[in-house]
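Let's take a walk through this model together, one side chain at a time. Have the sequence and the 3D view open, and follow along.

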Amino acid sequence: YAVKRCKKPNPAIKVGVCGEHGGDPASIQFFNKAGLDYISCSPGRVPIAKIAAAQAHIEDITRDGSAVKRLAREGALLPSLFLFPMLP
């Protein structure tokens with residue numbers, strides 16, 4: 001709710017989270033569903049965070065066929081994850 005509310009007056013604003021919880025797989029699932037644009041975490045958590053972000057993304061695109069078609073047109077079914085952007 002808060003992400004949608006802050007983006008209403010300024011759709012270009014980027015909303016994210018930084019910290020150890022940014023590398024927690026369960027948190028990444030939550031942040032993705034909440035609509036955050038990015039997460040960041042300590043270097044030691046990057047590998048598992050990348051996997052969790054990719055899993056969250058795959059979960060989203062398998063629920064919405066239009067997202068799969070859009071990503072296929074763009075030539076990439078998985079995002080490049082540096083600061084782990086969350087895709088719509």
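K33 is exposed, because its relative accessible area is 58% and the cut-off for exposed is over 50%. Please keep in mind throughout that this is a predicted model. The side chain of K33 meets that of E59 in a salt bridge, with N and O 3.9 Å apart. This pair links distant parts of the chain, since K33 belongs to helix α2 and E59 to helix α3, 26 residues apart. E59 has a relative accessible area of 30%, so this residue counts as partly exposed.

Helix α2 spans residues 25–34, and its buried residues are S27, I28, F31 and N32. Why do these four sit on the same side of α2? They do so because the arc they cover around the axis is only 135°. The spacing makes sense in general terms: an α-helix has 3.6 residues a turn, so residues three or four places apart point the same way. Turn to the face directed away from this buried side, and you will find the exposed residues A26, F30 and K33.

What do the buried residues of α2 pack against? Their partners are β1 (16–18), β2 (38–40) and α3 (46–63). Just after α2 ends, G35 takes a positive phi of about 95°.

The structure holds 1 aromatic pair. It is formed by F30 and F31, whose ring centres are 5.9 Å apart; their planes stand at 65°, so the pair is edge-to-face. For that label, the planes have to be over 60 degrees apart. Are the two partners buried or exposed? F30 counts as exposed because its relative accessibility is 54%, whereas F31, with a relative accessible area of 10%, is buried.

Let's return to charged side chains. In general, side chains of opposite charge can pair when their charged atoms come close.

Another salt bridge joins the side chains of D37 and K7, at 2.7 Å from N to O. D37 is in the loop between α2 and β2, while K7 is in helix α1 (residues 2–7), so the pair ties together parts that are 30 residues apart in sequence. Both partners, D37 and K7, are buried. For D37 the relative accessibility is 16%, which is why this residue counts as buried; the cut-off is under 20%. The side chains of D37 and K7 are also joined by a polar contact of 2.7 Å.

The remaining stop is the salt bridge between R45 and E20, whose closest N and O atoms are 2.8 Å apart. Here R45 lies in the loop between β2 and α3 and E20 in the loop between β1 and α2, so this pair ties together parts that are 25 residues apart in sequence. R45 counts as partly exposed because its relative accessibility is 29%. E20, at 43% relative accessibility, counts as partly exposed too.

Terms used
Residues numbered from 1 in each chain as written. Predicted model: local features only at pLDDT ≥ 70, side-chain atom pairs only at ≥ 80, totals over all residues. Heavy atoms only, no water. Phe/Tyr/Trp six-rings, centres within 6.5 Å; stacked < 30°, edge-to-face > 60°. Buried < 20%, exposed > 50% of the residue type's maximum accessible area, 1.4 Å probe, protein only. Helix = DSSP H or I, 4+ residues; strand = E, 2+ residues; numbered from the N terminus. Arc of directions from axis to C-beta. Contact = heavy atoms within 4.5 Å. Salt bridge = Lys/Arg side-chain N within 4 Å of Asp/Glu carboxyl O. Polar contact = N/O pair within 3.5 Å; in protein donor to acceptor, adjacent residues only side chain to side chain.
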